[in-house]
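Here is a short report on how one chain packs. Look at the structure first, then read on.

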Amino acid sequence: MLKKKVEEALNAQINAEMYSAYLYLAMNAYFESRTLSGFANWMKIQAQEEMFHAMKIYDFVHERNGQVVLSSIEAPNANWNNITEVFEDTYAHEQKVTGLINDLVDLATAEKDHATTAFLQWFVDEQVEEEANASKLLDEVNMVGNEGSALFFLDRELQQRVFTAPADNK
Ligand code: FEO
């Protein structure tokens, strides 16, 4: 059984993950509008990953006999000045999510909720990858610049990304 405090914090994280999906969909729409279909694809897959994160917590709350309470999802930004800005925001957002996950681990530990602490370890590891992916792409965009043939090839490369649910999932 989940303690109320932990249940509320997990519900808040479901909202944060759904907001992340919303944010990356907004970035997908921005890239679609600029006919950068590879970048758009990368963001669409990223949004799917975020929904996967949200649903993983959603299922866990139920498994622990808690109640999921859905709340309003904040509207994300709709426009950016250039590609670099999009990936600066992506990287900053992932760093923020890492902070949220760390706070959740702290809370679960303080409440002696070992099952939640163990469950959250998956997210701790996932955030290492999320930050690394965002940081790498920001570096690549900084290297190739916001236009030209190098950008065209990076866009092509990002077209290859596909969604695969992580294997280590229940
Ligand atoms: Fe669910 Fe991108 O962290």
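## The cores

The largest nonpolar core has 23 residues. Phe31, Phe39, Met43, Ile83, Val86 and Phe87 have the most contacts inside it. A nonpolar core is a set of buried Ala, Val, Leu, Ile, Met, Phe, Trp, Tyr and Cys residues joined through side-chain atoms within 4.5 Å. Buried means under 20% relative accessible area (1.4 Å probe, protein chains only). Two or more residues each come from α1, α2, α3 (83–110), α4 (114–144) and α5. α1 gives the most, with 7 residues. Helices here are DSSP runs (H or I, at least four residues), numbered from the N terminus.

A second, separate core has 21 residues, including Ala9, Met18, Phe60 and Val61.

## About the model

This is a predicted model: local features need pLDDT of at least 70, side-chain atom pairs count only at pLDDT 80 or more, and totals for chains, interfaces and linings use all residues. Residues are numbered from 1 along each chain as its sequence is written, and side-chain values use heavy atoms, without hydrogens and water.

## Helix α1 with α2

The axes of α1 (residues 4–33) and α2 come within 8 Å and cross at roughly 165°. Axes are lines fitted to C-alpha atoms over the stretch in contact, and angles run from 0 to 180 degrees between N-to-C directions. The two helices α1 and α2 are therefore roughly antiparallel (angles over 145 degrees).

## Helix α2 with α5

Helix α2 (residues 37–63) packs against α5 (residues 149–158) at an angle of about 35°, with axes 7 Å apart. Contact means heavy atoms within 4.5 Å. From α2 come Ser37, Gly38, Phe39, Asn41 and Trp42; from α5 come Leu151, Leu154, Asp155 and Leu158.

Methods:
Parallel < 35°, antiparallel > 145°, perpendicular 65-115°, else oblique. Buried < 20%, exposed > 50% of the residue type's maximum accessible area, 1.4 Å probe, protein only.
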